[in-house]
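New notebook page, new structure.

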Amino acid sequence: MNSIRTAAAVLVLAAAATPALAGDERSATNSIFLEGGGPGLAYSLNYERIFENDFGLRVGFSYLSASGSASAGGTTASGSISLWAVPVLANYVGLSSGNHGLELGGGATVIGFSGAGTAGILAGSGSGTAVLGTAIVGYRRQPPGGGFQFRIGVEALVGKGLSLSESNRDPDRIGVLPWMYLSLGFSI
């Protein structure tokens with residue numbers, strides 16, 4: 001309970017300090033960037049729009065697929081998997097000075113996955129979707145007038161079955177998984 005009060009106090013102080021820390025008026029409000037890690041899991045291509053000089057809405061897309069086969073004892077087994085992710089986040093970038101700023105955000109990542117496999121006379125397939133919550137905090141270099149954009153930070157993925165240790169993974173229990181991100185892009 002004490003940590004919740006501390007976090008609430010920090011957020012109130014940050015909101016109160018925003019006018020004093022706010023940087024130049026932002027004329028470049030659109031960004032496109034490629035992100036490694038982060039809410040798109042492995043990577044994502046993202047678009048962000050800044051509103052009211054301090055708030056951003058972003059959406060991204062990621063797709064991964066893999067397949068393989070193996071033979072043993074005269075039997076061949078093969079399988080394929082695919083995963084897509086669509087992160088949607090709201091960001092606050094009002095704690096900034098010039099090109100540099102603190103980025104705070106939260107949202108969700110919708111994940112779709114499918115897989116199929118065969119082994120001899122056996123075959124199976126499955127698919128599904130999941131939603132993970134996400135919260136980010138990081139550094140952002142983004143000139144108010146546009147240009148090269150750089151972001152680095154950490155996030156917390158929140159969802160069923162997430163855990164750092166394999167022994168604590170429970171598909172029916174909500175867990176938190178820390179994750180990092182790094183992105184490069186351009187704002188106009």
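This is a predicted model: local features need pLDDT of at least 70, side-chain atom pairs count only at pLDDT 80 or more; totals for chains, interfaces and linings use all residues.

How do the residues of the lining of the largest cavity divide into nonpolar, polar and charged? I get 1 nonpolar, 6 polar and 2 charged. My classes: Ala, Val, Leu, Ile, Met, Phe, Trp, Tyr, Cys and Pro count as nonpolar, Asp, Glu, Lys and Arg as charged, and the others, Gly among them, as polar.

Residues are numbered from 1 along each chain as its sequence is written, and side-chain values use heavy atoms, with hydrogens and water left out.

**Cavity.** I found 1 cavity of 30 Å³ or more, and the largest has a volume of about 40 Å³. (On a 1 Å grid over the protein atoms alone, a cavity is a set of points where a 1.4 Å probe fits but cannot get out; a pocket is an open set with protein on both sides within 12 Å along at least five of seven lines; lining residues have an atom within 4 Å of a point. Grid points are joined across faces, edges and corners, and a volume is the space filled by probe spheres set on the points.) The cavity lining is R26, V93, S96, G98, N99, H100, G101, R140 and Q142. Strand 4 (75-97) and strand 5 (100-119) are the elements that give two or more residues to this lining. (Strands are DSSP runs of E, at least two residues, numbered from the N terminus.)

**Pocket.** The largest pocket holds about 180 Å³ of space. I count its lining by class as 10 nonpolar, no polar and no charged residues. Among them are L41, F113, L132 and W179. Strand 5, strand 6 (122-141) and strand 8 (174-187) each supply at least two lining residues.

**Barrel.** Next I traced the strands: 8 of them close into a barrel in the order 1-2-3-4-5-6-7-8, with antiparallel pairing. (Two strands pair if DSSP finds at least two bridges between them.) Strand 3 (residues 55-72) and strand 4 are joined by 16 bridges, and L57 stands opposite A90 in strand 4. For strand 5 and strand 6 I noted 20 bridges, with A116 opposite S125. Their hairpin has 2 residues between the strands, and G120 takes a positive phi near 65° there. Strand 6 also pairs with strand 7 (residues 147-160), over 9 bridges. V137 has V154 as its bridge partner in strand 7. This hairpin has 5 residues between the strands, and G146 takes a positive phi near 105°.

Notes. Helices (H or I, at least four residues) and strands (E, at least two) are DSSP runs, numbered from the N terminus.
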